[in-house]
Amino acid sequence: MELNKFTLLLLFSSPLLSFVAKAICVPRNVSNHETTGPALSFPSSAPIQAPQASSPPPPVSPTKSKSILPPPSNNYALTKICGLTDHPAECIAAIAPLLTGRTDPISVLKMGMQALHKSFEEATAVAAKLNKDPSSSAVVKDSLDTCLESFDSGMSDLNDALIAISSHDIGKLSTMLSATITYPDTCEEAFAEQPGLHSPMKEMDRKLTTLASINLAISASLHWS
């Protein structure tokens with residue numbers, strides 16, 4: 001009798017247990033879904049946003065555009081200093097691109113020396129390239145070796161000349177700048193000593209001589225106490 005009652009109770013309670021289980025499980029699954037978020041996935045790159053359109057910049061006025069020529073005041077000062085040389089046009093062309101705002105004689109001289117140093121470097125690069133060229137004859141290479149030594153001495157003397165300016169040693173400055181004129185001539189003489197040998201450095205040596213002469217003339221106008 002007791003067994004039959006237990007069996008009936010179990011049968012009637014099964015649907016109730018099933019309903020309670022569903023009532024409990026469903027909210028729990030929903031709760032987990034809300035708190036843990038979606039399943040992990042490979043991150044996606046953020047879309048690249050196009051830059052916002054903006055109004056085009058106003059046209060640049062011709063008066064504000066950069067020029068390779070110095071301002072009128074600087075141009076006047078540079079023209080006056082270069083007028084002391086035998087090559088005023090070449091002086092302005094070489095120094096004007098290097099102007100930094102100061103046009104006193106010492107500053108202009110330093111810029112002229114900078115232009116000469118750069119030209120020595122360019123001449124060295126050309127001579128070195130020709131010296132490595134298999135088509136260059138042994139005689140040409142010997143002359144180029146002389147040129148390379150001369151150009152190196154020219155750059156060294158310019159460094160010494162810069163030191164002389166800092167120490168206001170006008171005598172040493174004049175000596176160093178005078179020497180820079182001789183080095184292009186030494187290069188040309190190395191080719192001239194060989195009959196019928198054409199100098200491939202002729203134009204560069206001419207430029208070096210001109211710039212060296214300009215610097216020497218400017219230095220002669222300096223007056224240090």
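**Exercise 1.** Find which residues have the most contacts inside the largest nonpolar core.

*Solution.* The largest nonpolar core holds 39 residues, and those with the most contacts inside it are Ile 95, Leu 109, Phe 151, Leu 173, Met 201 and Ile 218. Two or more residues of this core come from each of α2 (72–82), α3, α4, α5 (138–166), α6 (170–192) and α7. Such a core joins buried Ala, Val, Leu, Ile, Met, Phe, Trp, Tyr and Cys residues through side-chain atoms within 4.5 Å, where buried means under 20% relative accessible area, exposed over 50% and partly exposed in between (1.4 Å probe, protein chains only). Helices are DSSP runs of H or I with at least four residues, numbered from the N terminus.

The model is predicted, so that local features need pLDDT of at least 70 and side-chain atom pairs pLDDT 80 or more, while totals for chains, interfaces and linings use all residues. Residues are numbered from 1 along each chain as its sequence is written, and side-chain values use heavy atoms, without hydrogens and water.

**Exercise 2.** Determine which element gives the most to the lining of the largest pocket.

*Solution.* The lining has 13 residues, with Ala 94, Ala 115, Ser 119, Lys 207 and Leu 211 nearest the centre of the pocket. Two or more of the lining residues come from each of α3 (88–95), α4 (105–132) and α7 (202–220), and α4 gives the most, with 5 residues.

**Exercise 3.** Describe the backbone and exposure of His 168.

*Solution.* His 168 lies in the loop between α5 and α6. Its phi is near 55°, a positive value in a residue other than glycine, and His 168 is partly exposed, with a relative accessible area of 47%.

Key: On a 1 Å grid over the protein atoms alone, a cavity is a set of points where a 1.4 Å probe fits but cannot get out, and a pocket is an open set with protein on both sides within 12 Å along at least five of seven lines; lining residues have an atom within 4 Å of a point.
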